[in-house]
Amino acid sequence: MRVLSSVICFTALSLALLFAANAMASEESQLVSSINAYRSQSQRCGTQASLELPPLTADPRLILPATGGGDLQQALAQRAYPMVSVQAITLGGPQNAQSAMTAIKESFCQVVLDPQFIDVGVSRDGSQWRIVLARPLLAGRLGDWQVEGQKLLGMINSARSQPRQCGAQSFGPTTALAWNPTLASVAATHSRSMANNNFFDHKDRDGHTPGDRAELGGYIGRAIGENIAAGQDTVRKVVDGWLASPGHCANIMSPQFRELGAAYAVDPKSDAGIYWTAMFGTQ
C-alpha cells in the first residue's frame, strides 16, 4: 500500500508539472499566433503602412533562453540554423501573451512586420520574454522562373479545386486558372525589380500598381489581382503562406480570375534574398 501511495503521489506531481509546462508552452504558442494574426492584415507602424504578410513559421532552433544574452549568430550556429539575418526582441514585465503582444505592437512593430523574416521562436521565463525572428539561407533547388511559375500555378489550381475558408470569407471550389505568358512576363519584371532594388510592395518604383503594370505589359483585363511574397525558397512555402493569409487566399480562390502568370527573382544583396509575384487576371 505504501508503494502504491507513493506512485499515486508521484503521478499527481508529474501531472501538475506537465500541466504547468503545457500552460507555459501555450502562452508562447499564443504569442506566435498573435504575431501572425497581426501580420495577416495591413498595419500602421510609425509613418508606414505594412502589407498583408504570410505567417512566420515556428522553428524550435530559434527558442533561446529568455533571460540569456550573448551572440545571436553564435547561438544559432550552434543550433545548426543557417542564418542570413536575425533580430531578437526582449521583453520584461508581461505576464501573458496578450500583454506581450501589446508591448510588441507599441515598440517593435517594425521588427515583426519586416517581410524578410520567415521563422520565429518564442521563449518565456516568468515575465521575461525573448522573441527571435530570422531568415535562413535559401535552400531550395529552384528551376528557372517559368518552371517554378508553372509549379505555382499547379498548386494554386489544386487549392482552387477545394472549398476553403479565407479569414471571414468562405469559398467553394472554382475553375482552374490558365497560364498567361503576358502576365508571367509582368510578374517576372516586378519580381526582378523588388529583388534588385530591395523593396517589397505592390507599387513599383515608378508608382505603378499591378493594374498599371499589366496594361503597360500588354494585358488588357477587366480584373487584375496580385500576390507577392519574399524569403520563401520553395513554391510550396509560398503557396502555403498565401493560403494562411486571408487577402492572398481570397485572390487564389476568387472565381472572377481566369488566368495567371508567376515568377521569382533572386538577389543575394537584398534583404529577403528571393521575391515572388503572381499576377491574376481576366481579359
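## Charge and overall dimensions

Lys and Arg are counted here as positive and Asp and Glu as negative, while His and the chain ends are not counted, and the place of each charge is taken as NZ of Lys, CZ of Arg, CG of Asp or CD of Glu. On that basis the protein carries 22 positive and 22 negative side chains, and the centres of the two sets lie 5 Å apart. The structure is a predicted model, in which local features need pLDDT of at least 70 and side-chain atom pairs count only at pLDDT 80 or more, whereas totals for chains, interfaces and linings use all residues. Residues are numbered from 1 along each chain as its sequence is written, and side-chain values use heavy atoms, with hydrogens and water left out.

Taken along the principal axes, the C-alpha atoms fill a box of roughly 80 × 40 × 35 Å. The accessible surface of the protein comes to about 13,800 Å², of which 53% belongs to carbon and sulfur atoms; such areas come from the Shrake-Rupley method with a 1.4 Å probe, and for residues only the protein chains shown count as cover. Of the 283 residues, 46% count as buried, where buried means under 20% relative accessible area, exposed means over 50%, and partly exposed lies in between (1.4 Å probe, protein chains only).

## Secondary structure and contacts

The protein has nine helices and twelve strands, which are DSSP runs numbered from the N terminus (helices H or I, at least four residues; strands E, at least two). With a contact defined as heavy atoms within 4.5 Å, 70% of the contacts between residues at least 6 apart in sequence join residues that are at least 24 apart.

Strands of a sheet pair through backbone hydrogen bonds, either parallel or antiparallel, and two strands are taken as paired here if DSSP finds at least two bridges between them.

Strand β11 (residues 259–266) is mostly covered, with seven of its eight residues buried.

The pairing of β9 with β11 is parallel and runs over two bridges; alanine 178 stands opposite glutamate 259 in β11, and tryptophan 179 opposite leucine 260 in β11. By contrast, β11 and strand β12 (residues 274–282) run antiparallel and are joined by eight bridges, with alanine 265 standing opposite tyrosine 275 in β12.

## Disulfides

The structure holds two disulfides, each being a pair of cysteine sulfur atoms within 2.5 Å. When the bonded cysteines are numbered in sequence order, the pairing is 1-2, 3-4. Cysteine 45 is joined to cysteine 109 with an S to S distance of 2.0 Å, and with 75° about the S-S bond this link is right-handed. The pair links distant parts of the chain, since cysteine 45 lies in strand β1 (residues 44–45) and cysteine 109 in helix α4 (residues 109–112), 64 residues apart. Cysteine 45 counts as buried at 7% relative accessibility, and cysteine 109 is also buried, with a relative accessible area of 10%.

In the disulfide of cysteine 166 and cysteine 249 the sulfur atoms are 1.9 Å apart, and with -55° about the S-S bond the link is left-handed. Cysteine 166 lies in strand β7 (residues 164–166) and cysteine 249 in helix α9 (residues 246–253), so this pair ties together parts that are 83 residues apart in sequence. Both cysteine 166 and cysteine 249 are buried.

## Glycine 172

Glycine 172 lies in the loop between β8 (169–171) and β9 (178–179), and is partly exposed, with a relative accessible area of 41%. Not counting residues up to four places away in sequence, glycine 172 touches Gln162, Pro163 and Met253. Glycine 172 and glycine 241 are 69 residues apart in sequence and, C-alpha to C-alpha, 20 Å apart in space.
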